[in-house]
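This briefing covers nonpolar residues, an aromatic pair and some distances along the chain. Please look over the sequence and the model first.

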Amino acid sequence: MKFALILSALSALVMGHSLFLAVFFWTSPSKRPLSNRLLALLLLALAIRICKSIIIVAFPEASDFWPALGLIGMAAIGPLLWLYLQSLLQANFRLKVHQLLHFSLSAALLAVSYTHLTLPTKRIV
């Protein structure tokens, strides 16, 4: 049990750093503000994944919401990393509507988990 507590404490520090850096990159002025914003969103998605792990380790009886939130964060990390790298490698990179389709899995998981976890379910007897 001590190992889980130490792991949770270290993970909480990492999550705090991720949130701090996300706020820093979101608000700092830059020559490439889109790159900074995408990096901030990527760090936020990583912090969500870490938060899910902390909650599950610290509170094993936590609701089903936390694994779903971690899955949504994991589905967003890939597209955010790809868009961030594109914004670094291309000089005149702009977000286009078709690039936002990469987040359709995250949006679908969010909608399904929201409806599944918030709406009352009917039991068939």
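Leu 44 is partly exposed, with a relative accessible area of 35%; buried means under 20% relative accessible area, exposed over 50% and partly exposed in between, with a 1.4 Å probe and protein chains only. Leu 44 is found in helix α2, where helices (H or I, at least four residues) are DSSP runs numbered from the N terminus, as are strands (E, at least two). This is a predicted model, in which local features need pLDDT of at least 70, side-chain atom pairs count only at pLDDT 80 or more, and totals for chains, interfaces and linings use all residues. Residues are numbered from 1 along each chain as its sequence is written, and side-chain values use heavy atoms, with hydrogens and water left out.

**Nonpolar surface patch**

- Leu 44 belongs to a nonpolar patch on the surface, together with Leu 19, Trp 26 and Leu 41.
- The four residues have about 320 Å² of accessible area together, by the Shrake-Rupley method with a 1.4 Å probe, where for residues only the protein chains shown count as cover.
- Helices α1 (2–27) and α2 are the elements that give two or more residues to the nonpolar patch.
- Patches are made of residues with over 30% relative accessible area and no salt bridge; nonpolar side chains (Val, Leu, Ile, Met, Phe, Trp, Tyr) are joined within 5 Å, and like charges within 9 Å.
- A salt bridge is a side-chain nitrogen of Lys or Arg within 4 Å of a carboxyl oxygen of Asp or Glu.

**Nonpolar cores**

- The largest nonpolar core has 14 residues, and Leu 38, Leu 39, Leu 42, Leu 80 and Leu 83 have the most contacts inside it.
- The elements that give two or more residues to this core are α2 (33–58) and α3 (65–89).
- Helix α2 gives the most to this core, with six residues.
- A second, separate core of six residues includes Met 15, Ile 50, Cys 51 and Ile 55.
- A nonpolar core is a set of buried Ala, Val, Leu, Ile, Met, Phe, Trp, Tyr and Cys residues joined through side-chain atoms within 4.5 Å.
- In soluble globular proteins, nonpolar side chains tend to be buried together.

- Met 15 is in helix α1 and is buried, with a relative accessible area of 18%.
- Leaving aside neighbours within four places in sequence, Met 15 is in contact (heavy atoms within 4.5 Å) with Ala 47, Ile 50, Cys 51 and Ile 54.
- Met 15 and Leu 43 are 28 residues apart along the chain, and their C-alpha atoms are separated by 9.1 Å.
- Leu 39 touches Phe 25 and Tyr 84, not counting residues up to four places away in sequence.

**Aromatic pair**

- The structure holds one aromatic pair.
- Phe 24 and Phe 25 form this edge-to-face pair, at 5.4 Å centre to centre and with 70° between the planes.
- Rings of Phe, Tyr and Trp (its six-membered ring) pair if their centres lie within 6.5 Å; planes under 30 degrees apart count as stacked, over 60 as edge-to-face and the rest as tilted.
- Phe 24 is partly exposed at 42% relative accessible area, and Phe 25 is partly exposed at 22%.

**Ala 62 and Lys 2**

- Ala 62 is in the loop between α2 and α3 and is partly exposed, at 27% relative accessibility.
- Lys 2 is in helix α1 and counts as exposed, at 69% relative accessibility.
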